[in-house]
Amino acid sequence: DMAKKVTVKLNRAGVREMLKSQEMQNICAEHASAVMQRCGTGYEMDTYVGQNRVNAQVTANTYQAKADCMRNNTLLKALR
């Protein structure tokens with residue numbers, strides 16, 4: 001039998017560094033921008049580096065966008 005047991009041990013500091021990197025921020029911003037574009041006008045996006053990883057968010061920024069999101073689940077649908 002040629003099967004061997006392989007153990008993988010993640011370098012936690014390296015993974016954390018990758019999750020907080022500029023490259024990951026660019027990837028998250030790209031996805032958030034696509035979601036924002038699908039929502040229409042009145043939405044904005046933001047990215048920031050948290051304690052463990054990069055975060056991206058899209059929010060309804062105007063009264064009309066907030067009402068649209070409440071009525072139509074716009075943000076939830078834009079994530080699909």
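**Figure 1. Overall fold of the predicted model.** The protein comprises 4 helices and 2 strands, in a model that is predicted rather than determined by experiment. Read from the N terminus, the order of these elements is α-α-β-β-α-α. Along the principal axes, the C-alpha atoms occupy a box of roughly 65 × 30 × 15 Å. The radius of gyration is 18 Å, whereas a compact globule of 80 residues would have a value near 12 Å. Of the 80 residues, 21% count as buried.

Figure 2. With a relative accessible area of 79%, Lys9 is exposed. Its C-alpha atom lies 37 Å from that of Thr59, a residue 50 positions away along the chain. Glu17 is part of helix H1, which covers residues 12-19. Glu17 counts as exposed because its relative accessibility of 60% is over the 50% cut-off.

**Figure 3. Ser21 in the loop between H1 and H2.** Ser21 is located in the loop that joins H1 to H2. Is Ser21 buried or exposed? Its relative accessibility is 17%, so Ser21 counts as buried, the cut-off being under 20%. The side chain of Ser21 reaches back to the backbone oxygen of Met18, at a distance of 2.8 Å.

**Figure 4. Helix H2 and its two faces.** H2 contains 18 residues and spans 25 Å from its first C-alpha to its last, close to the 26 Å expected at 1.5 Å a residue. The buried residues of H2 are Gln25, Cys28, Ala32, Val35, Met36 and Cys39. Seen down the helix axis, these buried residues fall within an arc of 100°, and therefore line one face of H2. In an α-helix there are 3.6 residues a turn, so residues three or four places apart point the same way. The face turned away from the buried side of H2 bears the exposed residues Glu23, Glu30, His31 and Gln37. The elements against which the buried residues of H2 pack are E1, E2, H3 and helix H4 (74-78). Just after H2 comes Gly40, which adopts a positive phi of about 100°.

**Figure 5. The largest nonpolar core.** Which residues form the largest nonpolar core? This core has 10 residues, namely Ala32, Val35, Met36, Cys39, Tyr43, Val58, Ala60, Ala65, Cys69 and Ala78. At least two residues of the core come from each of helix H2 (22-39), strand E2 (54-60) and helix H3 (63-72). H2 provides the largest share, with 4 residues. In soluble globular proteins, nonpolar side chains tend to be buried together. Within this view, Met36 touches Tyr43, Glu44, Met45 and Val58, when residues up to four places away in sequence are not counted.

Figure 6. Strand E1 consists of residues 43-49 and includes Thr47. The side chains of Thr47 and Gln25 make a polar contact at 3.3 Å. Gln25 is itself one of the buried residues of H2. Apart from neighbours within four places in sequence, the residues in contact with Thr47 are Gln25, Cys28, Ala29, Asn55 and Ala56.

Figure 7. In H3, the buried residues are Ala65, Ala67 and Cys69. Ala65 and Cys69 also belong to the largest nonpolar core. Among the elements that cover the buried residues of H3 are E1, E2 and H4. After H3 comes Asn73, which is placed in the loop between H3 and H4. Most residues other than glycine have a negative phi. Asn73 counts as partly exposed because its relative accessibility is 42%, which lies between the cut-offs of 20% and 50%.

Key: Residues numbered from 1 in each chain as written. Predicted model: local features only at pLDDT ≥ 70, side-chain atom pairs only at ≥ 80, totals over all residues. Heavy atoms only, no water. Buried < 20%, exposed > 50% of the residue type's maximum accessible area, 1.4 Å probe, protein only. Core = buried A, V, L, I, M, F, W, Y, C linked by side-chain atoms within 4.5 Å. Contact = heavy atoms within 4.5 Å. Polar contact = N/O pair within 3.5 Å; in protein donor to acceptor, adjacent residues only side chain to side chain. Expected span 1.5 Å × (residues − 1). Arc of directions from axis to C-beta. Rg over C-alpha atoms; globule rule 2.2 N^0.38 Å.
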